[in-house]
Amino acid sequence: MMSLKNTDNSYGWVAKTFHWGMLIIIFGQFWLGGNFKNEEYQGMGLGGYHFSIGVLILILMIVRFIWRAKNPVPELPEGTGKLQAIGAHGLHILFYILLIALPIAGIAIVQSKGGSVSMFGLFTVPTVLAKAETSAELASTLHGIFAKSTFFAVLLHFGMAMFHNFVKKDNVLRRMLPW
Ligand code: HEM
Ligand code: HEM
């Protein structure tokens, strides 16, 4: 039976559920980001969903990071170089940084445009930024840069997973798969 927690050579089901569940949510979030209209800043149009799901991602990423910190990180295959190990773990940590910074920048856009961010009407994110066009522009630039960086990091990450599976033929992809 698959364990709840990670072991030294495989991910447990909590980490796997976070990984593949968030993959779907993040893809949806990219689609929403490119498809909602500016007039949807209020209410539950596509914009409302983009903001709500963004806040959900922020919360999940923090919970997921705490879970990761309390678990062993599965060891890389034998013979992995030091630089490669730093690269692999560095890219994973970068995902946590980007996917926390990205929704924060998003919240900053909405608040500095004078709006407020609700998560599915369950609660409203406390307003900490005053209405100011210059902050909105800065936050928007950052949101765009973080979103693009996340996109390219995912491409690289996907490429490395395929490289491990089909070229190096090690267990790196298999130990993250749900089955
Ligand atoms: C991890 C979560 C998020 C991802 C992956 C994401 C992704 C994107 C993408 C791809 C765009 C379109 C690209 C662009 O126009 O620059 C976009 C636009 C936007 N997002 Fe997000 N977003 C996230 C979270 C949030 C959150 C939490 C908010 C606000 C509460 C937000 C607010 C906005 C706004 C206002 C825009 C319109 C464009 C702009 O003013 O710069 N986003 N997002
Ligand atoms: C595109 C399809 C994807 C594939 C095939 C894939 C594959 C993998 C594999 C095989 C691992 C284990 C690596 C190891 O054992 O060292 C892993 C870990 C990880 N992946 Fe992905 N991944 C994908 C998408 C994503 C996305 C969209 C994110 C963005 C959040 C992500 C974030 C992570 C993180 C943070 C880890 C480290 C483990 C953890 O902290 O839970 N992956 N991925």
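This is a predicted model: local features need pLDDT of at least 70, side-chain atom pairs count only at pLDDT 80 or more; totals for chains, interfaces and linings use all residues.

How many helices and strands does the secondary structure of the protein come to? I found four helices and two strands.

Next I followed the order of the elements. From the N terminus on, I read α-α-α-β-β-α. I also looked up the extent of the C-alpha trace, which spans about 55 × 30 × 25 Å along its principal axes. Of the 179 residues in the protein, 16% are buried. Then I checked contacts between residues at least 6 apart in sequence, and 64% of them join residues at least 24 apart.

On to ligand 1. I listed 22 residues around ligand 1, with G33, F51, G54, G106 and S140 the closest. α1, α2 (46–69), α3 and α4 each give at least two residues to this shell, and α3 has the largest share with seven. Which classes make up the shell around ligand 1? I noted 13 nonpolar and nine polar residues, with no charged ones.

Then I turned to ligand 2. There are 20 residues around ligand 2, and the nearest are H92, F95, F158, A161 and M176. The elements supplying two or more residues here are α1 (13–35), α3 (82–112) and α4 (133–168). Which element gives the largest share of the shell around ligand 2? That is α1, with six residues. By class, I wrote down 15 nonpolar, three polar and two charged residues for the ligand 2 shell.

Notes: Residues are numbered from 1 along each chain as its sequence is written. Chains are lettered from A and ligands numbered from 1 in the order in which they are written. A residue is near a molecule or strand if its C-beta atom, placed from the backbone, lies within 6 Å of it. Ala, Val, Leu, Ile, Met, Phe, Trp, Tyr, Cys and Pro count as nonpolar, Asp, Glu, Lys and Arg as charged, and the others, Gly among them, as polar. A residue is buried if 20 or more other C-beta atoms lie within 10 Å of its own, exposed if 12 or fewer, and partly exposed in between; C-beta atoms are placed from the backbone. Two residues are in contact if their C-beta atoms, placed from the backbone, lie within 7 Å.
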